[in-house]
Amino acid sequence: MPKQILTAAEAARALGISLDTLRRWDRAGKVRVERDTANRRVVPASEVVRLKGSEGPEQLSARNRFRGVVRSVAIEGLLAEIEVDVTEPARVVAIITRESAEGLGLKPGMSAAGVVKATSVMVER
């Protein structure tokens with residue numbers, strides 16, 4: 001039988017976030033936590049499931065997907081701005097020219113940054 005209550009560290013690991021982020025989310029009211037007899041944070045498994053969202057089959061072919069929790073929704077006129085805190089590890093895949101890769105001297109294990117440039121970002125639930 002799966003655990004019904006997770007320690008804060010277990011919940012953070014399951015969500016792909018740091019323990020500090022989980023604590024901030026608790027203070028901000030973004031995550032429902034309880035306290036054990038020693039007054040430590042514990043998180044119901046159902047809350048982790050809620051924050052992770054649906055893990056059913058993906059309906060899009062997009063590779064660069066960043067799952068997370070909605071931070072804010074700002075609606076003005078015909079537009080809505082949705083800000084999402086990414087909650088799970090993500091991998092960004094880039095296709096660049098050989099010349100660019102050689103010029104950057106890229107090797108496995110090196111530190112690098114991926115910059116996503118897109119004309120649109122879709123939101124799914």
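Visitor: Which residue in S3 does Leu6 stand opposite?
Guide: That's Val43. Before we go on, this is a predicted model, where local features need pLDDT of at least 70 and side-chain atom pairs count only at pLDDT 80 or more, while totals for chains, interfaces and linings use all residues. Residues are numbered from 1 along each chain as its sequence is written, and side-chain values use heavy atoms, with hydrogens and water left out.

Visitor: What makes S1 and S3 a pair?
Guide: Two strands pair if DSSP finds at least two bridges between them. Strand S1 (residues 5–7) and S3 have three bridges, in the antiparallel sense, so they pass the cut-off of at least two. Strand S2 (residues 34–35) is joined to S3 by two bridges, also antiparallel, and there Arg35 stands opposite Arg41.

Visitor: Why are S1 and S2 called edge strands?
Guide: The open sheet has three strands in the order S1-S3-S2. S1 and S2 each pair on one side only.

Visitor: How do you know what counts as a strand or a helix?
Guide: Both are DSSP runs, numbered from the N terminus: helices are H or I with at least four residues, strands are E with at least two. On that count the chain has four helices and five strands, and the pattern along the sequence reads β-α-α-β-β-α-β-β-α.

Visitor: Which way do the residues of S3 point, and are they buried or exposed?
Guide: In S3 (residues 41–44), Arg41 and Val43 point one way, Val42 and Pro44 the other, and all are buried. Buried means under 20% relative accessible area, exposed over 50%, and partly exposed in between (1.4 Å probe, protein chains only).

Visitor: Why is Val123 called exposed?
Guide: Val123 has 56% relative accessibility, so it counts as exposed. Val123 sits in the segment after helix H4 (98–104).

Visitor: What makes the nonpolar surface patch, and how much area does it cover?
Guide: Val70, Val73, Ile75, Ile82, Val84 and Val123 make it, with about 520 Å². To join a patch, a residue needs over 30% relative accessible area and no salt bridge; nonpolar side chains (Val, Leu, Ile, Met, Phe, Trp, Tyr) are joined within 5 Å, like charges within 9 Å. A salt bridge here is a side-chain nitrogen of Lys or Arg within 4 Å of a carboxyl oxygen of Asp or Glu. Areas come from the Shrake-Rupley method with a 1.4 Å probe, and for residues only the protein chains shown count as cover.

Visitor: Which strand gives the largest share of the nonpolar patch?
Guide: S4, with three residues. S4 (68–76) and S5 (79–86) each supply at least two. These two strands pair antiparallel over eight bridges, with Val69 opposite Asp85. In their hairpin, two residues lie between the strands, and Gly77 takes a positive phi near 65°.

Visitor: How does the radius of gyration of the chain sit against a compact globule?
Guide: The chain has 18 Å, but a compact globule of 125 residues would be near 14 Å. The radius is taken over C-alpha atoms, and the globule rule is 2.2 Å times the number of residues to the power 0.38.
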